[in-house]
Amino acid sequence: MSKHYDAIVIGAGLGGLGAAAKLARAGYSVRVLERHVQVGGYASTFVRGRFEFDVSLHALSGIGTAGHGGDMRDMLADLGILDRLEFRTIDPLYRTVAPGVDVTLPPGWEAATDALCTAFPAERRGIERFLGHLRALQQDVLTMTRKEGLAANPLRVISQYPRVAHAASAPLAPFLHREVQDPAARLVLAQLWGYFGLPPSQVGLLYFGLGLASYLEYGGTYPVGKSQALSNAVAGAAEAAGAEITLGCGARQILLDGGKVAGVVTDDGEPLASDLVISNASPHALCAGLLPPEAVPESFRRRVAAGPISLGSVCVYLGLARTAESLGIRDHEVWVNASTDIESHHRAQLGLGVPEAYLFTCYNVTDPGASPPGTAVAVLVSLADGKPWLALPPDEYRAAKLRVAESMLAGVEQRFPGLRDAIEELAVSTPLTNLRYTGNPDGAIYGTANTPAENPGFRLNYPGPVPGLYLVGAWTRPGGGFEPCLSSGYTAAKLIVGGAA
Ligand SMILES: Cc1cc2nc3c(=O)[nH]c(=O)nc-3n(C[C@H](O)[C@H](O)[C@H](O)COP(=O)(O)OP(=O)(O)OC[C@H]3O[C@@H](n4cnc5c(N)ncnc54)[C@H](O)[C@@H]3O)c2cc1C
């Protein structure tokens, strides 16, 4: 007889963990199967020498403060783990550098508006209108979600909120370009496009607008213990409520009976029974054999194939044998741009050439304990389309990886002389690394690309293509990122428990 569970969760990324913790705390018997040897998916760390590196996290959204917190804080509190985690505020939020441009953006609407208007006085009116609109959009979405509930029909709801309807259907560029003329001001205002993976001409205004609004309203934070501490805490909440988490053993196939979910077969060949399966694996994996091929409706296959895949990343992880201060590093998040032309930066990311824009993050600025005393831990990140990387033969792959890493290192060395000599540990990841450790197609980091057509209301919904199957994680609503992915699992579980899905 197979072991029976109320729910089986495939994958322990933040989406899977959020679902597991919420269901287990609601009294469900839950089994989590994770292929990797640790929980978290991208929200994890790895160790080289005396350094622990964060695989992904730069800035966590939605934590805020006790009196003024966002959804991330509320979810962690509801899961009973908020007081087990410690968060450090990232201030300033980011610094943008480009030829002739060097602007830092503090958190807070007023402070950010002041900083931008001081840097670009001729653009004051447009900057105020731009940020004012995003703030109003954020309020509309808050009102809408509180009033309409989780299971509301997005089409009906969205039509009652014109600002949201417009943002859900338009890219960022027309609005940004209408309000602000100076390319340098546009660059600084739109700099967080890197967190959403598409340039202003393509990124949905709703995604970008809500993302920037959240960082301005609640600030950005970084957890002490890095993203692994966050993932371990959510996994701990699930286990404390009785969930079993198996590492190093994934789900090979979802079992069906009479067209409904009946369980899964593990990678070890063990059948497990359940009429509820929550998949944190990509929908592409479901179509490629995780579901029996004959059970995948053609409409679902088409829907998945039609969704553009987001970019992956090339990261250069640096363990430095010197302190951040001694190298002149004062900011957590520095965006280094070769020009003010974001569209060109994005085009370069679609090939294998030298990046035109990248991010330099030094964690010790926000958390002095991020690495051993006298050292610093940092990362260089360039977004990168996975397709050309996956097509490379092995010898060319290594050369491409070194070329991209070297170009970012040379750029950052100019800014922080001595950094290269201080490197004690260096590790480079590419979209192939992402694919290997998380199974995401093309090594995508944000699931389906954040175009207007894939806005949070129209993205894949939680109920999957067969009864009893639910989808969570970056490929589903509301989208990629730590807070959205945890919220996908948490919300799907709420719908299951409440019977609303
Ligand atoms: C370099 C980088 C920087 C980033 N920076 C930020 C940031 O600053 N802020 C932010 O909010 N977001 C950031 N992100 C994005 C964020 O990390 C992701 O969008 C999010 O963590 C994805 O979560 P997920 O739930 O989709 O699961 P994933 O992280 O994709 O994990 C999926 C899990 O499922 C497992 N799995 C897959 N198939 C199976 C199977 N068949 N059986 C068992 N297990 C399976 C995988 O092993 C994996 O553990 C960044 C990402 C990267 C890579």
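Start by selecting helix α17, residues 482-498: 14 of its 17 residues are buried, so α17 is largely enclosed by the rest of the structure. Buried here means that 20 or more other C-beta atoms, placed from the backbone, lie within 10 Å of the residue's own. Helices (H or I, at least four residues) and strands (E, at least two) are DSSP runs, numbered from the N terminus.

Before going on, note that this is a predicted model: local features need pLDDT of at least 70, side-chain atom pairs count only at pLDDT 80 or more, and totals for chains, interfaces and linings use all residues. Residue numbers count from 1 along each chain as its sequence is written.

Stay on α17 and check its length. From first C-alpha to last, α17 reaches 24 Å, close to the expected 24 Å (1.5 Å times one less than the number of residues). Step off its end and you land on G499, which has a positive phi near 70°.

Next, show the open five-stranded sheet, ordered β10-β3-β2-β14-β20 with parallel pairing. Two strands pair if DSSP finds at least two bridges between them. At the edges stand β10 (244-247) and β20 (469-471), each with a single partner strand, so one side of each lacks a neighbour in the sheet. On average, neighbouring strands here are turned by 20° against each other, direction ignored; the axes are lines fitted to C-alpha atoms.

Now zoom in on β2, residues 7-10. Pick I10 and look across to L33, its bridge partner in β3. Four bridges hold β2 and β3 (residues 30-34) in parallel pairing. To follow the chain between them, trace helix α1 (residues 14-25): this β-α-β crossover is right-handed, meaning that with the strands pointing away from you, the path from the first strand over the helix to the second runs clockwise. Then pick I8, whose bridge partner in β14 is V277. β14 (residues 277-279) runs parallel to β2, joined by three bridges.

Finally, zoom out and colour by domain: domain 1 (3-86 + 224-307 + 446-498), domain 2 (109-218) and domain 3 (311-432), with bounds from an automatic or database domain assignment. The centres of domains 2 and 3, taken over C-alpha atoms, are 28 Å apart. Their contact takes 11 residues from domain 2 and nine from domain 3, counting residues whose C-beta atoms lie within 7 Å.

Definitions and conventions:
A residue is buried if 20 or more other C-beta atoms lie within 10 Å of its own, exposed if 12 or fewer, and partly exposed in between; C-beta atoms are placed from the backbone. Axes are lines fitted to C-alpha atoms, for helices over the stretch in contact, and angles run from 0 to 180 degrees between N-to-C directions. Two residues are in contact if their C-beta atoms, placed from the backbone, lie within 7 Å.
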